[in-house]
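Thanks for making time, everyone. I'll walk through one structure, from the overall fold down to single residues.

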Amino acid sequence: MDQTHGAVLEGLGVHPGRADLTVVQFSTAFCGPCRATRARLRQLQATRPGLAHVEVDAESHLDAVRALGVDRTPTLLYLDREGRLVGRSSGAPRPAELAAVVEVHVPAAASRAGRDA
């Protein structure tokens, strides 16, 4: 991401340096697929402590939505620890697709414990 996008994300409270992978989810209150995506990310967080999820109300942050080119909800931005954009999806990702993206960047709790030992 360029510096402008980084500043926009920082203004939304996104701090990618705190996790192996930060998923920024742009949602709206009435979006059913947004709720399903949120629930799936919470399930993944339970076994992947290096995963952070930041949900942004798209309707309350229209300037950020425009700056980042968000045109539907949910839109997910995947940021690595350095704040680089490593992926993006628009619309609700299938559970297997979401899990695959997370698995590439965030070790499961059990494998993390073995790695840190």
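One definition before anything else: a residue counts as buried if its relative accessible area is under 20%, and as exposed if that figure is over 50%. Keep in mind that this is a predicted model. With that cut-off, buried residues make up 43% of the 117 residues in the protein.

Now the overall layout. The protein has five helices and four strands. Along the sequence, the pattern reads α-β-α-β-α-β-β-α-α. The radius of gyration is 14 Å, close to the 13 Å from the globule rule for 117 residues, so the protein is as compact as a globular protein of that length. The C-alpha trace spans about 45 × 30 × 20 Å along the principal axes. Take the contacts with a separation of 6 or more: 66% of them are between residues 24 or more positions apart. Accessible surface comes to about 6,300 Å², and carbon and sulfur atoms hold 51% of that.

Next, the interior. In soluble globular proteins, nonpolar side chains tend to be buried together. Here, the largest nonpolar core has 15 residues. Leu-9, Leu-12, Val-14, Val-24, Phe-26 and Leu-68 have the most contacts inside it. Which elements each supply at least two residues of this core? They are α1 (3-11), β1 (21-27), β2 (51-57), α3 (62-68) and β3 (75-80). Helix α3 gives the largest share, three residues.

There is also a second, separate core. That one has eleven residues, including Leu-21, Leu-44, Leu-76 and Tyr-78.

Look at Val-24 for a moment. Set aside its neighbours within four places in sequence. Val-24 is then in contact with Leu-9, Val-14, Val-54, Val-56, Thr-75, Leu-76, Leu-77 and Leu-79.

Several of those names bring us to β3.

What does β3 pair with? One partner is β1, in the antiparallel sense, over six bridges. Within that pairing, Thr-22 has Leu-79 as its bridge partner in β3. Another partner is strand β4, residues 85-90, also antiparallel, joined to β3 by five bridges. There, Tyr-78 stands opposite Gly-87, and Thr-75 has Ser-90 as its bridge partner. The hairpin of β3 and β4 has four residues between the strands. In that hairpin, Gly-83 takes a positive phi near 85°.

The peptide bond from Thr-73 to Pro-74 is cis, with omega near -5°. Pro-74 is in the loop between α3 and β3.

On to the sulfurs. A search of the whole structure finds one disulfide. Cys-31 is joined to Cys-34, S to S 2.3 Å. The link is right-handed, with 80° about the S-S bond. Are these two cysteines buried or exposed? Cys-31 is buried, and so is Cys-34.

Arg-48 first. This arginine lies in the loop between α2 (32-47) and β2. Is Arg-48 buried or exposed? The relative accessibility is 12%, and the cut-off for buried is under 20%, so Arg-48 counts as buried. What does Arg-48 touch, leaving out residues up to four places away in sequence? The list is Val-102, Glu-103, Val-106, Pro-107 and Ala-108.

Then Pro-95. This proline is found in helix α4, residues 95-105. Its relative accessibility is 51%, and exposed means over 50%, so Pro-95 counts as exposed. Pro-95 and Arg-42 are 53 residues apart along the chain, and their C-alpha atoms are separated by 12 Å.

To recap. The model is predicted.

Key. Residues are numbered from 1 along each chain as its sequence is written. This is a predicted model: local features need pLDDT of at least 70, side-chain atom pairs count only at pLDDT 80 or more; totals for chains, interfaces and linings use all residues. Side-chain values use heavy atoms; hydrogens and water are left out. A disulfide is a pair of cysteine sulfur atoms within 2.5 Å. Buried means under 20% relative accessible area, exposed over 50%, partly exposed in between (1.4 Å probe, protein chains only). A nonpolar core is a set of buried Ala, Val, Leu, Ile, Met, Phe, Trp, Tyr and Cys residues joined through side-chain atoms within 4.5 Å. Contact means heavy atoms within 4.5 Å. The radius of gyration is taken over C-alpha atoms; the globule rule is 2.2 Å times the number of residues to the power 0.38. Accessible areas come from the Shrake-Rupley method with a 1.4 Å probe; for residues, only the protein chains shown count as cover. Two strands pair if DSSP finds at least two bridges between them.
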